[in-house]
Amino acid sequence: MKKISIIIFLLAVVCYCWGQKLPSVTGWKDGSHYLEQVREGRKSVLYAVDVRTGERTPYTSPEKKASTEVKVSDGEVVYTAPDGSQKQLTRTPAEEKNPMLSPDGKWVAFTRDNDLYAIEIASGREVRYTENGSEVIKNGYASWVYYEEILGRSSEYRSFWWSPDSRYLAFFRADDSRVPVYPLYNVKGQHGELEINRYPRAGDPNPEVRVGIVSVEGGEVVWADFNSETDQYFGTPFWRSDGSGLLVQWMPREQNNLKLYNVNPVTGGKSEIYNEEQPTWVNWITSLHWVKDGFMMIRDFDGWEQIYLHNSDGSLRQKLTSGRKWNTKIVRIDEKNRQVYFTSKGEISTRNDFYCVGFDGKRQRRLTFGEYNHRNIRLSPDNRYFLTQYDNSSTPTCLGVVNVKNGKVKVLGDLKDADFDSTKMEKKEMLWLTTAEGFKIPAIVRWPRNMEKGKRYPVDIHVYGGPNHGSVSDYWSSSDSGWDEDCIRVVMDHRGSGHCGKAGMNYMHRNLGKWEMEDYIAWVKLLRTYPNVDSTRVMISGGSYGGYMTALALTYGAEYFQYGYAKFGVMDWMLYDSHYTERYMDLPKDNPEGYKAASVFTYLDRYQSCGPAMLRIVHGMMDDNVHMQNSMQLVDALQQINRKFELMLFPGERHGWMKKMKFTLEDLKDFKNRYLKRK
């Protein structure tokens, strides 16, 4: 399940940044000069700027090295050479998918009719590696649940990987024959169209997956030594940097144990090199960072996200970082000086900072400064300086360059110019709530600018919810961000959203919905203590997991939430996919009471039981992620108990549509005006 609200936030940030006065710094020329794009009349001129003196010198970027490209055009694989010339590599009735150039640039691998192929570019020789591709047997093309939950949508269903030396291809073979079918009906056209998905719900049979390795020249596929009939998952594999082995991630269906196996590409034999167990769930390794004689990775088993250095055989060499780190990302590894540079929310959970630490786990140091949220960190090639864009909810955005050694900051630009007037800005306040269990969680409240004493205002709340999906960040926004003089606008988080590390998330194990709602209700109770809050007009909205939270708020939390705009939400976890749901809820047979407690349907008797209330249900009819079945079953249940609601369907649209965003926003605005503002 993906966080659609992130897309909306990023669009807002992009709109906000356009036309602002910060210098357009594009990167580094070398260790002491950054590059700045300057508009001079109708021309855009690039300058190299000396970090110490500020002296500008016109700069012409070196010509980019000609590159190669492979893509699918009209269903065929087309190769573009460095000189720009093109060569069509395939000519078949079937459609080729996901072409991928080998590291040495000599081959292109792709799938056709769910079989794996490669073509030698120079000769045009095509090699077919598998023979049994079908509707249910997929070689190098992912089963839906792997695409959505494990490999990610950016994979575009590709499930094959070149070895660094271009000698081998590793791939997944998925057998979907036991996976239940779910039909999606597209109402467009004279007769409509039926799309069939193999979609495993909680407790359903999953695809049987095998890990294969094959020589680029063809021959027999070597199968990794796993039993394909075991109820298991495989994560994204990682080739060793020299191509000598494939590191395969493995989990049982319960997802509480992650093993990393080294697989021999010649024999398929495997050896376990890493084992991690947690009492709740374990997350996949998203990336390995190879260094001499080992690798680094980020794990959360100590309750926070830390960087660990492992030897090549998988044994732990050193835990590098410490403290309350979250959203940790490695920016650069300096092997010569044995330093790791990384970003993390390490000082406070609503702000991002930049750090360095030694390979020995010593001298961990914060490189950024102040009580700011630091973004767009760009480290100079020699690690002596870095560029940072920084702000917070009360400080307009600045751009600075920082000396790594002594911490001195040189401000390159500041949105707070001589014309800055804080009275024209929205009144934005960061609030913190401490739960009964001791977790500190944040919310952002935007108050009406000219709030009248004694007047009560409705509350407009936006949420996402879900494990590790925080919505609250301490950043600057201008008065152009949708100020609403008639409402108090709130974005709030819960204990499992990442602010409290894995310990907060663990409360959600076998209990999706419960602790988010308890924390959201606590937030509303806190808001009710403010004299300007109208507790009879509280609206909540969200999409995907936020749609689930919205429907749950108007049922489970009916005493506190009157109005809800629920977009494409899961209404019962028995209706969502196996991998995501069971990671948190376990199998339905092992947690029947938990599934019942997490279902919106369990609390329908509370809906509209505390006075006027209205739920608007919104869904795309071709949603292949959260099926419209969720909303339709809710519609049916509400009709049976004679409770009023509103429904808006989007024909042909999938999960988190963008094409009809203008209509969606107007529909949301209309709902707010009618119910929340009572216009």
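Guide: Buried means under 20% relative accessible area, exposed means over 50%, and partly exposed is in between (1.4 Å probe, protein chains only). This is a predicted model, where local features need pLDDT of at least 70 and side-chain atom pairs count only at pLDDT 80 or more, while totals for chains, interfaces and linings use all residues. Residues are numbered from 1 along each chain as its sequence is written, and side-chain values use heavy atoms, leaving out hydrogens and water.

Visitor: Which residue does the side chain of Glu 646 meet in a salt bridge?

Guide: A salt bridge here is a side-chain nitrogen of Lys or Arg within 4 Å of a carboxyl oxygen of Asp or Glu. The partner of Glu 646 sits in strand β42 (614-620), while Glu 646 itself is in strand β43 (646-650), 30 residues apart. (Strands are DSSP runs of E, at least two residues, and helices are runs of H or I, at least four, numbered from the N terminus.) The N to O distance is 2.6 Å, and the partner is Arg 616.

Visitor: Which residues are joined with that pair into one network?

Guide: Arg 616 is buried too, at 7% relative accessible area. Salt bridges that share partners link Arg 616 and Glu 646 with Asp 667, Asp 670 and Arg 674.

Visitor: How many salt bridges does a search of the whole structure find?

Guide: Here's another one: Asp 474 and Arg 351 meet at 2.9 Å, N to O. Asp 474 is in the loop between β38 and β39 (488-492) and Arg 351 in the loop between β29 (339-344) and β30 (353-358), so this pair ties together parts 123 residues apart in sequence. Both residues are buried. Over the whole structure, the search gives 35.

Visitor: Asp 231 forms a salt bridge with Arg 253. Is Arg 253 buried or exposed, and what is its relative accessibility?

Guide: The closest N and O atoms of the pair are 3.5 Å apart. Asp 231 is in the loop between β18 (222-223) and β19 (232-234), and Arg 253 in the loop between β21 (246-252) and β22 (257-263). Asp 231 is partly exposed at 43%. Arg 253 counts as buried, at 4%.

Visitor: Which residue caps the N-terminal end of α6?

Guide: At the other end, just after α6, Asp 586 takes a positive phi of about 65°. For the cap, a side-chain oxygen lies 3.2 Å from the backbone nitrogen of His 579, and the residue that supplies it is Asp 577.

Visitor: Which residues have the most contacts inside the largest nonpolar core?

Guide: A nonpolar core is a set of buried Ala, Val, Leu, Ile, Met, Phe, Trp, Tyr and Cys residues joined through side-chain atoms within 4.5 Å. A second, separate core of 15 residues includes Leu 22, Tyr 34, Val 401 and Leu 412. The largest has 121 residues, and those with the most contacts inside it are Ile 461, Phe 561 and Trp 573.

Visitor: Last one: how far apart in space are Gly 454 and Val 533, C-alpha to C-alpha?

Guide: Gly 454 is in the loop between β37 (440-447) and β38 (457-462), and counts as exposed because its relative accessible area is 69%. Gly 454 and Val 533 are 79 residues apart in sequence, yet in space the C-alpha distance is 9.8 Å.

Definitions and conventions
Polar contact = N/O pair within 3.5 Å; in protein donor to acceptor, adjacent residues only side chain to side chain.
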